[in-house]
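Please read it with the sequence and the coordinates at hand.

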Amino acid sequence: MKKRILVIDDEEIFCDLLQDLLSEAGYSVETLQSSIPGAADALLGGFDLITLDLNMPDAQGIELARLFHDQALGTPVLVISGYLNEQLIADLSGAGISHTLPKPFTRGDLLGAVENALGSQGPDTSQQGISQ
């Protein structure tokens, strides 16, 4: 079964890019361009990973990260942002987020960060423990 990734980002072009790159790598990807429905979908569960933008018009990503942590969601969150700095990474860590990826990034950077966040399990749960 393919690993399911939820992409929450307000930029349509970025959602499309992540969907293309992650789908090509074998993941099942859903995208949402608003943090409110994104948070609702994330809290319903069923995702193996959530990628999250920090700067969104209807809510800040760090607020969503705290919500996911406070609700004991248990799903790893990968924050992808062009605004990452040491203080923000420390704030994210305090909100239970340990996976970050600065923009710009390469395809390899993205796939490495996703695999790291998933615990190196790769896109298909039936292939756990097999090198990709």
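## Terms and basis

A residue is called buried if its relative accessible area is under 20%, exposed if that area is over 50%, and partly exposed in between, with a 1.4 Å probe and protein chains only. Helices (H or I, at least four residues) and strands (E, at least two) are DSSP runs, numbered from the N terminus.

The model is a predicted one, in which local features need pLDDT of at least 70 and side-chain atom pairs count only at pLDDT 80 or more, while totals for chains, interfaces and linings use all residues. Residues are numbered from 1 along each chain as its sequence is written, and side-chain values use heavy atoms, with hydrogens and water left out.

## Helix α2 and its covered face

In helix α2 (residues 35-44), the buried residues are S35, G38, A39 and A42. Viewed down the axis of α2, these buried residues fall within an arc of 100°, so they line one face of the helix; the arc is that of the directions from the helix axis to the C-beta atoms. An α-helix has 3.6 residues a turn, so residues three or four places apart point the same way.

On the other side of α2, I36 and L44 are exposed. The cover over the buried residues of α2 includes β1 (4-8), β2 (28-32), β3 and α3 (61-70), where contact means heavy atoms within 4.5 Å. After α2 comes G45, which has a positive phi near 85°.

## The parallel strands

Two strands are taken to pair if DSSP finds at least two bridges between them. By that criterion β1 and β3 run parallel and are joined by 4 bridges, with L6 standing opposite I50 in β3. Strand β3 (residues 49-52) in turn pairs with β4 in the parallel sense over 3 bridges, where I50 stands opposite V77 and L52 has V79 as its bridge partner. Beyond this pairing, β4 is joined to strand β5 (residues 99-102) by 4 bridges, again in parallel, and the partner of I80 in β5 is L101.

In a regular strand the side chains alternate between the two faces of the sheet. In β3, L49 and T51 point one way and I50 and L52 the other way, and all are buried. Strand β4 (residues 77-81) is mostly covered, with 5 of its 5 residues buried; V77, V79 and S81 point one way, whereas L78 and I80 point the other way. β4, helix α4 (residues 86-94) and β5 make a right-handed β-α-β unit, right-handed meaning that, with the strands pointing away from the viewer, the path from the first strand over the helix to the second runs clockwise.

L52, in strand β3, counts as buried at 2% relative accessibility. Leaving aside its neighbours within four places in sequence, L52 is in contact with I8, G61, L64, A65, F68, V77, L78, V79 and I80.

H99, in strand β5, is buried as well, with a relative accessible area of 16%. Apart from neighbours within four places in sequence, the contacts of H99 are P76, V77, L78, V79, N116 and A117.

## Aromatic rings and charges

The structure holds 1 aromatic pair, a pair being counted for rings of Phe, Tyr and Trp (its six-membered ring) whose centres lie within 6.5 Å, with planes under 30 degrees apart called stacked, over 60 edge-to-face and the rest tilted. F14 and F105 form this pair in an edge-to-face arrangement, at 6.0 Å centre to centre and with 80° between the planes. F14 lies in helix α1 (residues 12-24) and F105 in the loop between β5 and α5 (107-117), so the pair ties together parts that are 91 residues apart in sequence. Both F14 and F105 are buried.

A charge is said to sit over a ring if NZ of Lys or CZ of Arg is within 6 Å of the ring centre and within 35 degrees of the ring normal. The charged end of K103 sits in this way over the ring of F14, 4.0 Å from its centre, and that of R4 sits over the ring of F47, 4.3 Å from its centre.

## The segment after α5

P123 is placed in the segment after α5 and is buried, with a relative accessible area of 8%. Between P123 and S28, which are 95 residues apart in sequence, the C-alpha to C-alpha distance is 8.1 Å.
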